[in-house]
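Student: Please take me closely through one part of this model, the sheet. I would like the strand order, the pairing and the surroundings in one connected account.

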Amino acid sequence: KDHWEVDPEELTLGEELGCGQFGLVLEGRWKDMKVAVKMIREECMSDEEFKEEARVMMRLSHCKLVKLHGVCTQRSPMCLVFEFMENGCLSDYLRAKKGCLSQDVMLKMCLDVSDGMAYLESSNFIHRDLAARNCLVSQNNEVKVSDFGMTRFVLDDQYTSSQCSKFPVKWSAPEVIRYCKFSSKSDVWSFGVLMWEVYNEGRLPYENLSNAEVVESLNAGLRLLKPRMAPDAIHKLMEWCWKEKPEDRPSFALILHELGYLSDL
Ligand SMILES: Cn1cc(-c2ccnc(-n3ncc4cc(C(C)(C)C)cc(F)c4c3=O)c2CO)cc(Nc2ccncn2)c1=O
């Protein structure tokens, strides 16, 4: 048995946590740990793809990435066993805590995400759908990056082609919308939008614009405005993440350094 195989006998399943992209996600217990068990519907992912993905994700291990404990491939449906993140997704958490989050807490959230993303960048791994909805919050309010790279397995082409309704245009860099050119620098663009979400307590970016109007506005050089709660230095960093040319944007290593400096002030 591969070391990443979880013995289904050791897994107990509980309440439903939600319905993710690939099917049900259940709360569960494994080796005296609380876990989140993601069932993978066959039509979403082939077995071989799934095992290859598991191998890759098992190798990516960092305190600010949601940990994959292992996989269950001996049964159908196959499932991924993750560390449990008590407070659910960051976007819901921000909205639930509206009015209660301090600037320091917001800065720490952005720092946590940039820490995880700097690790992915150094591992040459592209997230492809970084947003507050794809980050999770732990019991002690730490934020971790989730579902990195998983868009490659989405068969629903409403997600994958940029003209379609479900494509996350409002988080996508211009080169991704135009040519599907993903890179760590397009993840940096998305991180700028994530910072805007955090300092706006989970509000939807460009909430009055359609995806097509967002593209027009970006082409006209317009960008999201400074959130009331965001210090100037944070807004400057957001705008740097939204430079038209990928090479003009900062790396996550630099963003991590910048946010670390601001949090030590
Ligand atoms: C690990 N984990 C996962 C989830 C959880 C539950 C439902 N859907 C999801 N999601 N959310 C988003 C998501 C996104 C994708 C893209 C390919 C990037 C589009 C692919 C997915 F497969 C998922 C998924 O499965 C998650 C995220 O993978 C919830 C947890 N925790 C809680 C706690 C309290 N209330 C709710 N959830 C938790 O600890």
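Tutor: Two strands pair if DSSP finds at least two bridges between them. Helices (H or I, at least four residues) and strands (E, at least two) are DSSP runs, numbered from the N terminus. The model is predicted: local features need pLDDT of at least 70, side-chain atom pairs count only at pLDDT 80 or more, and totals for chains, interfaces and linings use all residues. Residues are numbered from 1 along each chain as its sequence is written, and side-chain values use heavy atoms, with hydrogens and water left out.

Now the sheet. It is open and has five strands, in the order β1-β2-β3-β5-β4, with antiparallel pairing. β1 (11–20) and β4 stand at the edges. Each has a single partner strand, so one side of each lacks a neighbour in the sheet. On average, neighbouring strands are turned by 25 degrees against each other, direction ignored. Axes here are lines fitted to C-alpha atoms, for helices over the stretch in contact, and angles run from 0 to 180 degrees between N-to-C directions.

Strands of a sheet pair through backbone hydrogen bonds, either parallel or antiparallel. β1 and β2 run antiparallel, joined by seven bridges. Their hairpin has two residues in the link. Leu11 faces Trp30 of β2 across the pairing.

Next comes β2 (residues 23–30) with β3 (residues 33–40). This pair is antiparallel too, with six bridges. Val25 stands opposite Lys38 in β3. Two residues lie between the strands in this hairpin, and Lys31 there takes a positive phi near 50 degrees.

Contact means heavy atoms within 4.5 Å. Leaving aside neighbours within four places in sequence, Glu27 touches Thr12, Leu13, Gly14, Glu15, Leu17, Lys34, Val35 and Phe84. How exposed is Glu27? Its relative accessible area is 23%, so it is partly exposed. The scale is this: buried means under 20% relative accessible area, exposed over 50%, partly exposed in between (1.4 Å probe, protein chains only).

The hairpin between β4 and β5 runs through five residues. Val71 has Leu80 of β5 as its bridge partner.

α1 (residues 47–59) lies across β3, β4 and β5, and runs at about 160 degrees to β4.
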